[in-house]
Amino acid sequence: MDELEALALALEVEKAELKFYLNLARKAGDEKAKRMFLFLAMEEAGHWELFEEKFVEKLIEECELPAVNRELLEALLIEVENENLSEVDAVRIGMEQEKKTWEFYEKAASGAEHDDVRRVFEELAKIEKAHYELLKAQYDSVMKTGIWMDYQDFSLEVD
């Protein structure tokens, strides 16, 4: 997969994650969960904008539009078949999605040809991993296996 294909795929992943979190926020009964899902949706929208900027720059440079590899896209996205997910299932699926995304971005960064594209993938891989940690904390809270969400034991800030 070349750099332009990786950027196109990243755009589709971020768009799908944005829709996923907005849908979960709409359905969440718990206000804290709703706020968390809206926060994650806004983060994904910001990621989409970053990738869009790099994609357009690269597209102008190459003057060709790659087709998104649908098979790879489907492998990167978690399909949600049940519209009535429990909070636990929604958070677990979010964790799985964030893990797939950060691993893809790490791989895309290692294969990037240009430093600025590599840095975007590296930065967003860190952010997606932080999203995973946020969801994990929520999961632990709901399952009573970790900290409560009212007490932040980690940071979403990345170096």
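View 1. The chain contains five helices and zero strands, where helices (H or I, at least four residues) and strands (E, at least two) are DSSP runs numbered from the N terminus. This is a predicted model, in which local features need pLDDT of at least 70 and side-chain atom pairs count only at pLDDT 80 or more, while totals for chains, interfaces and linings use all residues. Residues are numbered from 1 along each chain as its sequence is written, and side-chain values use heavy atoms, with hydrogens and water left out. Of the 159 residues of the chain, 38% are buried, meaning under 20% relative accessible area with a 1.4 Å probe and protein chains only.

View 2. Helix H1, residues 3-27, has 25 residues and reaches 36 Å from its first C-alpha to its last, close to the 36 Å expected, a span taken as 1.5 Å times one less than the number of residues.

**View 3. The largest nonpolar core.** This core has 24 residues, of which Phe 51, Phe 104, Tyr 105 and Phe 121 touch the most other members; a nonpolar core is a set of buried Ala, Val, Leu, Ile, Met, Phe, Trp, Tyr and Cys residues joined through side-chain atoms within 4.5 Å. H1, H2 (31-62), H3 (70-76), H4 (87-111) and H5 (115-143) each supply at least two residues of this core, and H1 gives the most, with eight residues. Leaving aside neighbours within four places in sequence, Phe 104 is in contact (heavy atoms within 4.5 Å) with Met 1, Ala 6, Leu 9, Ala 10 and Leu 76. Apart from this core lies another, of 18 residues, among them Leu 24, Met 95, Tyr 132 and Leu 134.

View 4. The structure holds eight aromatic pairs, a pair being rings of Phe, Tyr and Trp (its six-membered ring) with centres within 6.5 Å, counted as stacked for planes under 30 degrees apart, edge-to-face over 60 and tilted for the rest. Phe 104 and Phe 121 form an edge-to-face pair, 6.3 Å centre to centre with 80° between the planes; Phe 104 lies in helix H4 and Phe 121 in helix H5, so this pair ties together parts that are 17 residues apart in sequence. The rings of Tyr 105 and Phe 121 have their centres 5.7 Å apart and their planes at 50°, so that pair is tilted. Both Tyr 105 and Phe 121 are buried, and ring pairs link Phe 51, Phe 104, Tyr 105 and Phe 121 into a cluster.

Conventions: Buried < 20%, exposed > 50% of the residue type's maximum accessible area, 1.4 Å probe, protein only.
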